[in-house]
Amino acid sequence: MSAGHDHAPEGTHRTKLAIAFGITATILVAEVIGAWWTNSLALLVDAGHMLTDASGLLMALMAASLTLRPPTPERTWGWRRAEVLAAGAQAAVLLGVGGYAFTEGVQRLFDPPEVTATGLLVFGIVGLVGNLASMLVLNPGRGANLNMRAAFLEVGNDALGSVAVIVSAIVIASTGWTRIDPLAGLLIAALIIPRAITILREAGSILLEYTPPGLDLADVRRHLLEVPHVVGVHDLHASTIATGLPILTAHVVVEDACFTDGHAAQMLADLQACVAHHFDVSVEHSTFQLEPTTHNDSEHATHD
């Protein structure tokens with residue numbers, strides 16, 4: 001038995017993602033042209049970053065649409081994990097771009113090419129304006145789920161990358177020091193890699209079914225054992241289906257009399273209320289198997 005809830009996701013922000021994707025794709029085309037014209041690594045890396053962002057936003061948009069599909073007998077949670085997969089894919093691609101930017105930046109520090117400062121400045125400003133517009137669109141929903149968070153971080157990194165491109169153009173125009181361009185590329189790589197690793201780690205923890213952050217299972221066990229008539233708790237598991245959707249299952253051994261005096265139903269309600277309201281991480285999707293004290297003799301491999 002488990003708490004009954006509608007598994008349909010709340011707002012998925014598809015319109016915001018679609019607008020951000022349109023802006024990012026437009027900037028991508030402009031920066032590819034600009035990188036070819038100016039021979040700038042910073043602009044080329046930013047264009048590569050934009051390519052991953054456009055792809056990432058497209059994946060995020062597709063994932064947001066998939067999460068609206070209702071559950072089926074084959075997919076009992078629907079497509080709720082699509083947002084986690086999309087975020088992980090975005091982060092993996094970002095990590096590759098960051099690695100390329102670092103390698104190419106080091107090489108260009110020793111052999112800096114000629115860079116057209118004026119064109120670099122123009123395309124840097126175009127990129128910054130577009131990224132700021134995308135950030136304004138995505139900002140209201142950036143904390144909604146991992147998918148939206150990854151999308152916002154990508155656009156935010158692009159904005160910082162555009163700032164680095166603008167600074168690079170100004171320095172080249174005023175001093176002629178072209179090594180600032182690969183340095184700007186390395187800066188963009190430094191912005192990309194840590195955030196990509198963070199998103200990858202979070203997506204991986206959900207896919208590997210880690211206990212939700214902030215939920216201490218030892219504390220959960222202790223409180224479940226304090227519920228009247230509970231004798232023991234085993235096979236206690238907690239994981240996250242998608243952002244904002246933690247689940248918990250447990251086998252709870254109760255006094256044998258609970259199955260004959262009609263008290264089992266009240267105990268189940270007490271157990272579900274405990275995990276839904278007592279902890280900082282509210283687990284509304286909980287499943288408890290109530291067992292008599294003699295049930296362990298017939299179970300196979302049980303564990304804590």
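Visitor: In β2, which residue is the bridge partner of H237?

Guide: This is a predicted model. Strands β1 and β2 are joined by 9 bridges and run antiparallel. Within that pairing, H237 has its bridge partner in β2, namely T249.

Visitor: How many residues lie between β1 and β2 in their hairpin?

Guide: The turn of this hairpin includes G244, whose phi is positive, at about 75 degrees. Between β1 and β2, the number of residues is 2.

Visitor: In what order do the 3 strands of the open sheet stand?

Guide: The edge strands, each pairing on one side only, are β1 (230-242) and β3 (285-291). Strand β2 (residues 245-254) is joined to β3 by 7 bridges, and these two run parallel, whereas β1 and β2 run antiparallel. The pairing is accordingly described as mixed, and the order is β1-β2-β3.

Visitor: Which residue of β3 is the bridge partner of V253?

Guide: Strands β2 and β3 run parallel. Along this pairing, H251 stands opposite Q289 in β3. For V253, the bridge partner in β3 is E291.

Visitor: Which hand has the β-α-β unit made by β2, helix α8 and β3?

Guide: The helix of this unit, α8, comprises residues 264-277. The unit formed by β2, α8 and β3 is right-handed.

Visitor: How many of the 10 residues of β2 are buried?

Guide: Helix α7 (residues 217-225) packs on the sheet and touches β1, β2 and β3. A residue counts as buried when its relative accessible area is under 20%. Strand β2 is mostly covered, and the number of its buried residues is 9.

Key:
Residues numbered from 1 in each chain as written. Predicted model: local features only at pLDDT ≥ 70, side-chain atom pairs only at ≥ 80, totals over all residues. Heavy atoms only, no water. Pairing = 2+ DSSP bridges. Helix = DSSP H or I, 4+ residues; strand = E, 2+ residues; numbered from the N terminus. Contact = heavy atoms within 4.5 Å. Axes fitted to C-alpha atoms, helices over the stretch in contact; angles between N-to-C directions. Buried < 20%, exposed > 50% of the residue type's maximum accessible area, 1.4 Å probe, protein only. Right-handed = clockwise from strand over helix to strand, strands pointing away.
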